Number of protein chains: 2
Amino acid sequence: MLLARFRNLFFLPSNPMAQFMNPILIETLKRIALLGGAKRELEISSSALGSSLGVSQQAASKRLIDMEKAGAVRRGMSVKRQRVKITESGIRELRREYLEYRRIFEDRNRIYLSGKAASGVGEGRYYMSQNEYLEQFGKALGFEPYHGTLNIDLDDAEASKLQSLDASEGIVLRGFSSGGRTFGDVKCFKAKIKGAECAVIIPKRTHYRHMVEVVAAKRLRETLGIKDGDILELMIEI
Amino acid sequence: MLLARFRNLFFLPSNPMAQFMNPILIETLKRIALLGGAKRELEISSSALGSSLGVSQQAASKRLIDMEKAGAVRRGMSVKRQRVKITESGIRELRREYLEYRRIFEDRNRIYLSGKAASGVGEGRYYMSQNEYLEQFGKALGFEPYHGTLNIDLDDAEASKLQSLDASEGIVLRGFSSGGRTFGDVKCFKAKIKGAECAVIIPKRTHYRHMVEVVAAKRLRETLGIKDGDILELMIEI
DNA sequence: ATTACTATGCACCGAGTAA
DNA sequence: TTTACTCGGTGCATAGTAA
C-alpha cells in the first residue's frame, strides 16, 4: 500500500524531510544531539560516533552522509577532523519525536486524533436536536451547542484510539423516552480542535466506528474556516 | 568492531532487551503506544498498524511477531482479531527513549557522562593540594574537598561531550605563583555522581582528554562504594 | 475480511582499502 | 591517524498467497 506513505506525508506537512529520515537516521540524529551536536558544532570522528551507536565506523560515516543529504546536519570537514552540527530542520525532526514520546508518558489523559472533516448527518446531530439532551449538555459542559455537528472521518489506526474512551465514563447525558421513542445514554468528552473548546459525543451503547462527531458553541466550520476534506487535529480529554 | 556492541550492552545493564530492539522495533512500539497500547489491550489489525507506520500489512505483522519474541508486547489472538498490549519491559524501553529526548530538550544545562572509575594521579589532584586553590574552591562550591580525586575514564564519544564545557565559564579558581612555580586558572563545574554532590575540575588551558577528575567533600570511593572499573554516571551542570 | 508464510529484491552493514 | 569508497552478505521490505 503505497498510499499509506503518501497519507503520512500529508498528515505531517511541516516535515518535508520525513521521506528521507528513517528510524535509523533518527536514532543517529538523537545520538549526535546527546553528544552535544544540537547546540554547537561537535567535533567527533565517525569511529567514535559508530562506537557510541554500536555500529562500525563505515556505517556511521554513511549515516552522516545520508543525514547531510537529508538536511538534518551540516558538516565542516577539515583534513583529519569533522565537525557536525544539527540543523534547524534536524532539531524540528527531533522535537517532533520528543513530543510523541511526551504524549505517551505525560498526556495520559488525552487522546490526539487526526482525521478529515466530513459531511453527513450522524446520530449525534439528531441527539443534539433533543431538548432533554441539550439541557444536560449545557449544565455539564458549560455551553449550549450549536445545532449541527462537525464530523471527522478517521482511518483504521486513528479509529482504534477511540478504544481508550471505553475505559473512561466521560460525561454521561441520561437517556429518556419521548413520543414513544426511547433515547439511550450519550457519552461526552471535552475536546479541543485548533484551540477551540468543543466536545465529542458518542452514543453509549455503540461499537466504534470511523467517524467522530464534534459539537461546539459556534459553528466550527465557520469560526475555524474548515472545509470538507481538511485534515484536523482533535484533542480529547478522557 | 563487534566490541562496540558489547560495550554498549555493558553501559546499559538495565536493558536486557536492547539487543533485540532495533530502531525499527522501537518506532513500532512507539506507534502502538500512541494508539493506546501502553495502557490497555489495543485491538488493531496488522494492516491498520502498517498504514499508520507507512509500511505494508506484512511488514507490520512481522514487526509484531518480532516484538512479541523480544518480550516488548503481548498479544491475544482470536480468529480474526488480535489485541496488542505493551509489556512492562516494553514500557521501560519506551521510557528510556523518552528520557533521552528529554535530556536533549529539557536538560540543556546538563551533561550526562558515562565512564569507568580509574586510578592514577591527575593534575587535578595536584591542584587540590594547593591551599590557594582550596580556599577559593571552598568559597565558591561551599565545601572543602577531600584531598584526592576520583578519575573517570571516558571513551571517545563520551569525551566529546566535554566540548560543551568550552562554551561555559564555569566556576573559575584564579591561578597564582608560589615558590617560583606558576599555577594557571582552573575551571570547576558542579556535578553529581550517584546523587552525591561533587565537582569536576579542569585546568583552564587544556585540550580535552579522556579523563575527568571529580572532587567531593568525602572520599567518594568509600561513601559510594566505588571500585576501579565500575561504570559511573556523572551529571555536570554547565 | 483476517494473520502470516514464502520468495524475491532492496537497503544497510562491515571488511578491506584508497586517499 | 582520518573519511569514505566498493563489494559481498544479511536482514527488512513487499507481493503473492495459504489458511
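Reply: Strand β10 of chain B, residues 196-203, is mostly covered, with seven of its eight residues buried. Buried here means under 20% relative accessible area, exposed means over 50%, and partly exposed lies in between, with a 1.4 Å probe applied to the protein chains only. Strands (E, at least two residues) and helices (H or I, at least four) are DSSP runs numbered from the N terminus. The model is predicted, and local features need pLDDT of at least 70, side-chain atom pairs count only at pLDDT 80 or more, and totals for chains, interfaces and linings use all residues. Residues are numbered from 1 along each chain as its sequence is written, chains are lettered from A and ligands numbered from 1 in the order in which they are written, and side-chain values use heavy atoms, leaving out hydrogens and water.

On one side, β10(B) pairs with β9(B), residues 186-193, in the antiparallel sense over eight bridges; two strands pair if DSSP finds at least two bridges between them. Within this pairing, Cys198(B) of β10(B) has Ala191(B) opposite. The two strands form a hairpin with two residues between them, and Lys194(B) in the turn has a positive phi of about 50°. β10(B) is also joined to β11(B), residues 211-215, by three bridges, again antiparallel. There, Glu213(B) in β11(B) stands opposite Ile201(B).

Elsewhere in the model, attention turns to the DNA. DNA strand D is surrounded by 20 residues, the closest being Gln57(A), Lys80(A), Ser56(B), Ala59(B) and Arg63(B); a residue is near the strand if one of its heavy atoms lies within 4 Å of it. Of the atoms of DNA strand D that come within 4 Å of the protein, 57% belong to sugar and phosphate. α4(A) gives the most, with four residues.

A salt bridge is a side-chain nitrogen of Lys or Arg within 4 Å of a carboxyl oxygen of Asp or Glu. Being four residues apart in the helix, Asp66(B) and Lys62(B) are separated by about one helical turn. Asp66(B) is partly exposed at 24% relative accessibility, and Lys62(B) is partly exposed at 47%.

Over all chains the count is 34 salt bridges. One of them links Lys30(B) and Glu100(A), with the closest N and O atoms 2.7 Å apart. Lys30(B) lies in helix α2 (residues 23-37) of chain B and Glu100(A) in helix α5 (residues 88-106) of chain A, so this pair joins two chains. Lys30(B) is buried at 3% relative accessible area, as is Glu100(A) at 14%. Glu100(A) forms a salt bridge with Arg31(B) too, at 3.2 Å between the closest N and O atoms.
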